Amino acid sequence: MISLYYFGAISLILIGMYAVLVKRNLLKMLVGLSIMETGVNLLLISIGYVSNRTAPILSEGATPQNTVDPIPQALVLTAIVIGVATTALALTVVINLYSKYKTLDVEEIRRLRG
Amino acid sequence: MVKRILAIIMLLIVGFWMANALSGVPFGEDKMLVGKYYLENVKEQTGAVNAVTAVVVNYRGFDTLGEVTVLFIASTGVGALLWRKKKERTAKSEGSVVLRTGSKILLPFIMLFGAYIFIHGHLTPGGGFPGGATIATAFLMLYLAFKDYEIEHKVFEPIEGLAGVGYVTVGLIGLAIGSYFLFDWIWQTWGWGHENIGRLLSAGFIPIIYTLIGIKVGTELTGIVDNMVREEVKDND
């Protein structure tokens with residue numbers, strides 16, 4: 001039996017993947033991609049969690065013995081920023097596609113090609 | 001319909017596979033290897049109280065430089081893809097009275113809060129990236145409130161470039177004084193701030209680098225917003 005946090009993270013990843021696979025609107029696919037990203041971040045953070053410990057800020061009583069792992073948090077900080085950058089770039093491509101084809105439907109765009 | 005069923009079958013397979021893989025990873029247990037070393041040595045080696053910031057800026061500073069580069073390339077890509085000969089604000093109406101008044105009153109406080117977040121990155125949760133995003137929010141609010149508002153491009157773009165150059169310069173000074181790129185010369189060679197760990201003036205170059213990152217992220221995200229908001233104007237006459 002896996003932990004509730006892992007279950008939540010996997011569910012978020014699957015919800016996002018469903019949107020990417022099934023939806024035809026490009027914006028909805030991007031929303032799905034963002035949801036997937038959130039799921040991955042939640043998974044990383046919950047792998048680094050240690051029960052009954054506090055955030056890794058070593059002041060006011062926190063010692064190396066009662067804080068959680070700082071490395072997954074640092075990696076997720078990186079991942080969030082990269083996520084913002086890729087989302088902005090993807091939205092830009094969508095803006096360009098819309099101004100060229102006047103539609104956001106992927107199958108319409110495929111048919112209009114050429 | 002077939003597509004949906006196929007998608008759901010595939011998701012079930014992927015989900016089962018991931019759950020199976022994660023069932024071997026215990027939740028809430030101490031699995032630290034490198035993390036333990038960082039936590040035990042972070043105060044002596046970097047002077048930062050916040051171990052996450054120390055890992056991001058000091059131990060893995062080169063990685064963070066790469067991250068800033070990715071953000072810069074993304075912002076450049078947005079600018080290049082949305083490039084038009086003539087771009088202007090095309091909003092039809094101003095924001096409501098509440099939005100306009102509120103944005104005027106709140107603007108300095110939001111900027112101050114963003115600056116607070118990135119200056120205190122080595123003491124409290126946060127740092128350059130959230131602080132910069134907060135500053136960009138202030139400009140986004142101005143864009144929403146006023147239909148003619150535009151940032152000063154001649155001011156923003158040099159600031160963005162100078163912040164990036166500053167980061168590399170701090171790293172190169174480390175290379176000249178110490179032995180490697182992004183060596184913490186303020187903390188390790190000069191030994192400044194050893195007596196006030198846990199206060200603002202400590203942690204070597206972490207506040208400096210995080211301030212530069214905060215300025216860079218703030219101006220870059222503002223630039224992305226600006227590129228997306230302004231639209232092409234066709235002079236068809």
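## Two helices in chain A

Let's start with H1(A) and H2(A), which pack at an angle of about 160° with their axes 7 Å apart. Axes here are lines fitted to C-alpha atoms, for helices over the stretch in contact, and angles run from 0 to 180 degrees between N-to-C directions. The pair is therefore roughly antiparallel; angles under 35 degrees count as roughly parallel, over 145 as roughly antiparallel, 65 to 115 as roughly perpendicular and the rest as oblique. H1(A) and H2(A) make a left-handed crossing, the term for a near helix turned anticlockwise from the far one by less than a right angle, with clockwise being right-handed.

Sorted by class, the contact of H1(A) with H2(A) has 17 nonpolar residues, six polar and one charged. Ala, Val, Leu, Ile, Met, Phe, Trp, Tyr, Cys and Pro count as nonpolar, Asp, Glu, Lys and Arg as charged, and the others, Gly among them, as polar. Residues are in contact if their C-beta atoms, placed from the backbone, lie within 7 Å.

## What kind of model this is

This is a predicted model, where local features need pLDDT of at least 70, side-chain atom pairs count only at pLDDT 80 or more, and totals for chains, interfaces and linings use all residues. Residues are numbered from 1 along each chain as its sequence is written, while chains are lettered from A and ligands numbered from 1 in the order in which they are written.

The model scores ipTM 0.82 and pTM 0.85. As for pLDDT, the predictor's confidence in each residue from 0 to 100, chain A averages 86, with 97% of the residues at 70 or above. Chain B has a mean pLDDT of 85, and 99% of its residues reach 70 or more. Confidence in chain B is highest in H5 (residues 97-119), at 90, and lowest in H8 (residues 185-188), at a mean of 77. Where pLDDT is low, the predicted coordinates should not be read in detail.

## The two chains overall

Helices (H or I, at least four residues) and strands (E, at least two) are DSSP runs, numbered from the N terminus. The C-alpha trace of chain A spans about 65 × 30 × 15 Å along its principal axes. Its radius of gyration is 19 Å, whereas a compact globule of 114 residues would come in near 13 Å. That radius is taken over C-alpha atoms, and the globule rule is 2.2 Å times the number of residues to the power 0.38.

Chain B brings nine helices and two strands, in the order α-α-α-α-β-α-α-α-α-α-β along the sequence. With a radius of gyration of 23 Å, well over the 18 Å that the globule rule gives for 237 residues, chain B is more spread out than a compact globule. Its C-alpha atoms fill a box of roughly 70 × 55 × 35 Å, taken along the principal axes.

## Where the chains meet

The contact between the chains takes 39 residues from chain A and 43 residues from chain B. On chain B, helices H1 (2-22), H2 (34-45), H3 (51-59) and H4 (61-81) each supply at least two residues of the side that touches chain A. H1(B) gives the largest share, nine residues. By class, this side of chain B has 27 nonpolar, nine charged and seven polar residues.

Zoom in on H1(A) (residues 4-22) against H1(B): the angle is about 155° and the axes are 10 Å apart. These two are therefore roughly antiparallel as well, and H1(A) passes H1(B) in a right-handed crossing. Residues in this contact include A:Tyr6, A:Ile10 and A:Leu14 of H1(A) and B:Lys3, B:Arg4 and B:Leu11 of H1(B). The contact divides into 13 nonpolar, two charged and one polar.

## A helix pair inside chain B

H5(B) and H6(B) (residues 128-145) pack at about 170°, with axes 8 Å apart. They are therefore roughly antiparallel, and H5(B) passes H6(B) in a left-handed crossing. Among the residues that meet are B:Leu107, B:Ile110 and B:Phe118 in H5(B) and B:Ile135, B:Met141 and B:Leu142 in H6(B). By class, the contact of H5(B) with H6(B) has 15 nonpolar, seven polar and one charged residues.

Definitions and conventions: Contact = placed C-beta atoms within 7 Å.
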